[in-house]
Amino acid sequence: MNACALYVTFQPDIADLKKSIEIMKEQVGLVIIVDNSDKKEAQEQVSSLSEENVLVLSQMSNTGIAAALNRGFREAMDRGCEWILTLDQDSRPQKGMVKAYDDFISRNKNKKIGAIGPTFTFSSRDKAQVSDTVEKVHTLITSGCYVNAEAYKNVGGFRDELFIDAVDTEFSWHLRKNGYSLYKLNSVLLEHNLGSNSYHIKIFGKRIMTITNHNYLRCYYVARNSRVVGRDYSKVFPEDGVPYYRKAYKKAFMILLFEKDKLRKLRAVKAGMEDAKKGKLGVCTRKFSA
C-alpha cells in the first residue's frame, strides 16, 4: 500500500515525538507533521524535525484537530497516499503496525473498509488483551487509525467546526453512514497516553472507569460536541447517537464526584450544551470565571 503517517502536534514533548517518528520511518515512506503549536519555541522545535521524507506543516496557531487533520490528508493525497495512519504526538506505535494493517486489507479486498484501528494499552505496565481476533466496531479514535484516503474523500473529511473533541467519533459514524466498515485488530498494540491529569478507578485490579480531569475549556467542547454529534446521528445510529447525546450529563456527574475546579467546569459544560442547542460551533470565545 502507498501509505504515510500523519501527526497533529501541539506543544509536544520533542523527545517522545522523535522516538515515535523513528518507528514510523521504518514502516512508511512519508511522515507528515501538522503543527498546531501557538508558541514560537515549540513551533521551532517541531520545524527542526523536517528532513527527507518528514514533512512539517505549521498552522502558526491552534486551528483545532479537525482542520489540522484535513490539511495533512490533503497533502498526503496530493502525494498519492492511499492509506493514512493518524497518530497522537505522545502515542507509541509498535513495529510492524502498518504491515499488519496492510495484510488485513489484502486478505479482505471484498470488504468496504473505511478505517482500521489497534487495541490500546495506557502504560507499559498495563496488561492489554492482545490476540489474533478482529472486531467490527462502531467507532475508532484518531490515534493509530489507518484511514482509507478514498473513503475520507467520499465523506468530505473531518468537521472543522467541531474544533476538538468528538472529531473522530463523527468521522467514524460518517464513514459508517456511507457504507464503510470499521475494524479493530487486536493483534496491533498501541500505547496511548491519556494525559497527566487522567487516572483509572479500579476495583480488585479491574478498571471500571477513567477520570479524564480535562480542563474547563475541554469540558466545554466535550459537552457541546457530544450534543451536536449525538443529535446528528441519533436517528441513523440510535444505539450510538442517543447515549452520546447524553454524554454531557455524565461529564457533569463525573466533575461533581471526582474532579477539581468543579464550578468553572460545570459552567463550561452548561455553556457547551447551550451553544449546541443554538448551533454555535467553531472556537469557543466564552470566558469562564473560577
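Modeller: Met60 is placed in the loop between strand 3 (54-58) and helix 3 (65-78); helices (H or I, at least four residues) and strands (E, at least two) are DSSP runs numbered from the N terminus. The model is a predicted one, in which local features need pLDDT of at least 70 and side-chain atom pairs count only at pLDDT 80 or more, while totals for chains, interfaces and linings use all residues. Residues are numbered from 1 along each chain as its sequence is written, and side-chain values use heavy atoms, with hydrogens and water left out.

Most residues other than glycine have a negative phi. Met60, which is not a glycine, has a positive phi of about 70 degrees. Its relative accessibility is 55%, so Met60 counts as exposed; the cut-offs are under 20% relative accessible area for buried and over 50% for exposed, with partly exposed in between (1.4 Å probe, protein chains only). Ala166 also has a positive phi, near 70 degrees, in a residue other than glycine. Ala166, however, counts as buried at 4% relative accessibility, and belongs to the loop between helix 5 (149-155) and helix 6.

Helix 6 itself comes next. Ser172 is placed in this helix and is buried, with a relative accessible area of 4%. Neighbours within four places in sequence being left aside, Ser172 is in contact (heavy atoms within 4.5 Å) with His138, Thr139, Leu140 and Leu182.

The aromatic rings extend the picture. Rings of Phe, Tyr and Trp (its six-membered ring) pair if their centres lie within 6.5 Å, and planes under 30 degrees apart count as stacked, over 60 as edge-to-face and the rest as tilted. By this rule the count is 15 aromatic pairs. One of them joins Trp173 and Tyr233, edge-to-face, with 5.7 Å between the centres and 65 degrees between the planes. This pair links distant parts of the chain, 60 residues apart: Trp173 lies in helix 6 (residues 167-177) and Tyr233 in helix 7 (residues 216-233). Trp173 is buried at a relative accessible area of 3%, and Tyr233 likewise counts as buried at 5%. The ring centres of Tyr220 and Tyr221 are 5.3 Å apart with the planes at 80 degrees, so this pair is edge-to-face. Tyr220 is buried at 2% relative accessible area, as is Tyr221 at 3%. Tyr220 and Tyr221 form one aromatic cluster together with Phe163, Tyr216 and Phe288.

Two charged side chains also meet rings. A charge sits over a ring if NZ of Lys or CZ of Arg is within 6 Å of the ring centre and within 35 degrees of the ring normal. The charged end of Arg176 sits over the ring of Phe237, 3.9 Å from its centre, and that of Lys112 over the ring of Tyr180, at 4.5 Å.

On the helix 7 side, Cys219, Val222, Ala223, Ser226 and Arg227 meet Lys247, Ala248, Tyr249, Lys251 and Ile255 of helix 9. The residues of this contact divide into 6 nonpolar, 1 polar and 3 charged; Ala, Val, Leu, Ile, Met, Phe, Trp, Tyr, Cys and Pro count as nonpolar, Asp, Glu, Lys and Arg as charged, and the others, Gly among them, as polar.
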